[in-house]
Amino acid sequence: MAVVNEKVAILGAGSWATALAVLLAGKGIPVEMWARRAGLAAQINSERQNSRYLPGVYLPPGVQVNVDLSAVVKNARAVIYSVPSHAFREVLRASLPYLSPRALLINAAKGIEEDSLLPLSRVFAGEAGEENNSRYVVLSGPSHAEEVGRGMPTAVVVASRNMAAAEAAQELFMTGSFRVYTNPDVAGVELGGALKNIIALGTGIADGLGFGDNTKAALMTRGLAEITRLGLAMGANPLTFAGLAGVGDLIVTCTSMHSRNRRAGIEIGRGKSLSEAISAVQMVVEGVRTTRAAYRLAGRYGVEMPITEQMYRVLFEGMPPREAVINLMSRGRRREMEEVALAAVQLREKNYQNYK
Ligand SMILES: NC(=O)C1=CN([C@@H]2O[C@H](COP(=O)(O)OP(=O)(O)OC[C@H]3O[C@@H](n4cnc5c(N)ncnc54)[C@H](OP(=O)(O)O)[C@@H]3O)[C@@H](O)[C@H]2O)C=CC1
Ligand SMILES: O=C(CO)COP(=O)(O)O
């Protein structure tokens, strides 16, 4: 059996990977990050900051960056997957032969696999085997790398089907400025983190069009309603969406200038094309792929997701954003709450029963 030392491996060398490395190394934990590009690894190792993805945040000496994925993963007590969601399967698969049998496996990406429409926990189970679900944890919640990297007070959530794994991740990340809650609802936590990016693109578009705070609040609140509807259909606990991975992350992503999704939306609202907006942001804009996936999931599960549908038309069918706003505002009358409230009562106990 491989020796498990204190090292933690972080796969990915973008803004979130870097912020998590700074957080963990600040606790005295040795961290090895994997970058796929030798140039980026060399730049970070020599300048002690990731000037491409998180400039101005300096890395403690305990962080090393390496391009050899097997060396980074071997003997790590925890492996954190911090690549964009479209790369999760590929990077997970590459890591599997080298994992220590007892390593905690933590996914920090927020997305849904576009072709398969699988949440990342299902991608994980397919690649690593269901028997490894007991060491799989998803990390989510309102946590911009720019603020975590600078030690600003932040609260997040870790979810696992296995309480011991969730608590181990809680213990790993928790500091005086990074507060970590546990949740048994893997489906809810990962869907909340993924789907809020669609709404952040939408609020960005509203800002870019020159609309105000009422519009933003309407999109956030009705966005949460449709996120909850899809989450329910996919087996999530609706109460999770009232927590950090739901409304918490929705608030931060829809209102912060750090949000790449919101920034891309602003560019689109001001008249840029999707590809111009993505180029302007220069980092991953997860909500684009997630919009396509959620649009298809809504069809599959027969769930009404009007904001997602209009976002799909704007992003992929060239609909002018103003027309999407008119479409949303001219929908027929609806009741606000009944469907979600009823389902919440029915599901109240469900997710907690199996949390061992
Ligand atoms: N940034 C944030 O504040 C937060 C981000 N997240 C989530 O974390 C995940 C990663 O995002 P983030 O760090 O922000 O992204 P960035 O755009 O900052 O960085 C992306 C990183 O992933 C690498 N990468 C891209 N494609 C691949 C691939 N196919 N194989 C291997 N590596 C790849 C990039 O390498 P290269 O430079 O070579 O292209 C780069 O190191 C996303 O799912 C995001 O939603 C979650 C919470 C907070
Ligand atoms: O998920 C995030 C903060 O919690 C990051 O959001 P963006 O990807 O929009 O920057």
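With 15 C-beta neighbours inside 10 Å, Arg 36 counts as partly exposed, a class that covers residues between the buried state (20 or more other C-beta atoms within 10 Å of the residue's own) and the exposed state (12 or fewer), with C-beta atoms placed from the backbone. Arg 36 is found in the loop between strand E2 (31-34) and helix H2, where helices (H or I, at least four residues) and strands (E, at least two) are DSSP runs numbered from the N terminus. The structure is a predicted model, in which local features need pLDDT of at least 70 and side-chain atom pairs count only at pLDDT 80 or more, whereas totals for chains, interfaces and linings use all residues. Residues are numbered from 1 along each chain as its sequence is written, while chains are lettered from A and ligands numbered from 1 in the order in which they are written.

Arg 36 is among the residues that an unreviewed UniProt entry annotates as "binding site", a set that also includes Ser 15, Trp 16, Arg 37, Tyr 53, Lys 110 and Arg 260; UniProt positions are given here in the numbering of the model, feature names are shortened, and annotations may be inferred rather than shown by experiment. Trp 16, found in helix H1, counts as buried, with 27 C-beta neighbours inside 10 Å. Leaving aside residues up to four places away in sequence, Trp 16 touches Ser 82, Ala 108 and Ala 145, contact being taken as C-beta atoms, placed from the backbone, that lie within 7 Å.

The protein is divided into domain 1 (8-184) and domain 2 (187-353), with bounds that come from an automatic or database domain assignment. The C-alpha centres of the two domains lie 25 Å apart, and the contact between them takes 27 residues from domain 1 and 30 residues from domain 2. On the side of domain 1 that touches domain 2, two or more residues are given by each of helix H5 (120-128), strand E8 (136-140), strand E9 (154-159) and strand E10 (178-183), and E9 gives the most, with four residues. By class, this side of domain 1 divides into 14 nonpolar, 10 polar and three charged residues, where Ala, Val, Leu, Ile, Met, Phe, Trp, Tyr, Cys and Pro count as nonpolar, Asp, Glu, Lys and Arg as charged, and the others, Gly among them, as polar. For the N-terminal part of the protein, the unreviewed UniProt entry lists residues 7-165 as "domain: Glycerol-3-phosphate dehydrogenase NAD-dependent N-terminal"; the end C-alpha atoms of this span lie 17 Å apart, and the span is 32% helix and 24% strand.

The largest nonpolar core has 106 residues, and those with the most contacts inside it are Val 79, Ile 80, Val 137 and Ala 169; such a core is a set of buried Ala, Val, Leu, Ile, Met, Phe, Trp, Tyr and Cys residues joined through C-beta atoms within 7 Å. Helix H8 (residues 186-209) supplies the largest share of this core, 12 residues. Because domain 1 (8-184) and domain 2 (187-353) both give residues to the core, it lies between them. Ile 80 touches Val 8, Ala 9, Ile 10, Leu 11, Leu 20, Ile 106 and Ala 108, not counting residues up to four places away in sequence.

Ligand 1 is surrounded by 28 residues, of which the closest are Gly 14, Trp 16, Ala 87, Ala 109 and Met 283, a residue being assigned to a shell if its C-beta atom, placed from the backbone, lies within 6 Å of the molecule. Helix H1 (15-26) and helix H4 (88-95) each supply at least two residues of this shell, and the largest share, three residues, comes from H1. The shell around ligand 1 divides into 15 nonpolar, eight polar and five charged residues, and draws at least three residues from each of domain 1 and domain 2.

Around ligand 2 there are 14 residues, the closest being Ser 143, Thr 253, Ser 259, Arg 260 and Asn 261. Two or more residues of this shell come from each of H8, helix H10 (244-255) and helix H11 (260-269), with H10 giving the most, three residues. The shell around ligand 2 has three nonpolar, seven polar and four charged residues; both domain 1 and domain 2 give residues to this shell, so it lies between them.

Key. Contact = placed C-beta atoms within 7 Å.
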